[in-house]
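Welcome! Please take a moment to look over the sequence and the 3D view below before reading on.

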Amino acid sequence: MDPYIIAAVVMLVAWAGVTFTTGAPGWMNLFLTAGVFVIIWRIVVRRTPSGPKSKP
């Protein structure tokens, strides 16, 4: 599994844990934004071909 996806999932779990258990400050929502961004970005990058194939 891609380490960036793992990091994004950790950010989302940390955001959920802090948000639902404490009175989280507003900047904690950056974890939600960054986590969703990284997951979408890495999924798109994994599906994109690396470029045109050179013919011998």
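What follows is a short tour, from the overall shape to single residues.

This is a predicted model, in which local features need pLDDT of at least 70 and side-chain atom pairs count only at pLDDT 80 or more, while totals for chains, interfaces and linings use all residues. Residues are numbered from 1 along each chain as its sequence is written, and side-chain values use heavy atoms, with hydrogens and water left out.

**Overall shape**

- The C-alpha trace spans about 60 × 20 × 10 Å along its principal axes.

**Surface and burial**

- The accessible surface of the chain is about 4500 Å², and 73% of this belongs to carbon and sulfur atoms.
- Such areas come from the Shrake-Rupley method with a 1.4 Å probe, and for residues only the protein chains shown count as cover.
- Of the 56 residues in the chain, 14% are buried.
- Here buried means under 20% relative accessible area, exposed means over 50%, and partly exposed lies in between (1.4 Å probe, protein chains only).

**Aromatic rings**

- The model contains 4 aromatic pairs.
- Rings of Phe, Tyr and Trp (its six-membered ring) pair if their centres lie within 6.5 Å; planes under 30 degrees apart count as stacked, over 60 as edge-to-face, and the rest as tilted.
- Tyr4 and Trp41 form an edge-to-face pair, because their ring planes stand at 70°, with the centres 5.8 Å apart.
- This pair links distant parts of the chain, as Tyr4 sits in helix H1 (residues 3-21) and Trp41 in helix H2 (residues 29-47), 37 residues apart.
- Both partners are partly exposed: Tyr4 has a relative accessibility of 45%, and Trp41 has 37%.
- Trp27 and Phe31 make a tilted pair, with ring centres 6.4 Å apart and planes at 45°.
- In that pair, Trp27 is exposed at 54% relative accessible area, whereas Phe31 is partly exposed at 29%.
- Ring pairs also join Tyr4, Phe37 and Trp41 into a cluster.

- Arg42 belongs to helix H2 and is buried, with a relative accessible area of 15%.
- Arg42 lies over the face of Trp41, at 5.0 Å from the ring centre.
- For a charge to sit over a ring, NZ of Lys or CZ of Arg must be within 6 Å of the ring centre and within 35 degrees of the ring normal.
- Setting aside neighbours within four places in sequence, Arg42 is in contact (heavy atoms within 4.5 Å) with Asp2, Tyr4 and Ile5.
- The model has 1 salt bridge, a term for a side-chain nitrogen of Lys or Arg within 4 Å of a carboxyl oxygen of Asp or Glu.
- Asp2 and Arg42 form a salt bridge, with their closest N and O atoms 2.5 Å apart.
- Asp2 is in the segment before H1 and Arg42 is in helix H2, so the pair ties together parts that are 40 residues apart in sequence.
- Like Arg42, with its 15% relative accessible area, Asp2 is buried, at 14%.

- Ala14 is found in helix H1 and is partly exposed, at 31% relative accessibility.
- The C-alpha atoms of Ala14 and Met28 are separated by 9.1 Å, and the two residues are 14 residues apart along the chain.
- Ala24 is in the loop between H1 and H2 and is partly exposed, with a relative accessible area of 30%.
- Apart from neighbours within four places in sequence, Ala24 is in contact with Val18 and Thr19.
- Pro49 lies in the segment after H2 and is exposed, with a relative accessible area of 66%.
- Between the C-alpha atoms of Pro49 and Val13, 36 residues apart along the chain, the separation is 30 Å.

Notes:
Helices (H or I, at least four residues) and strands (E, at least two) are DSSP runs, numbered from the N terminus.
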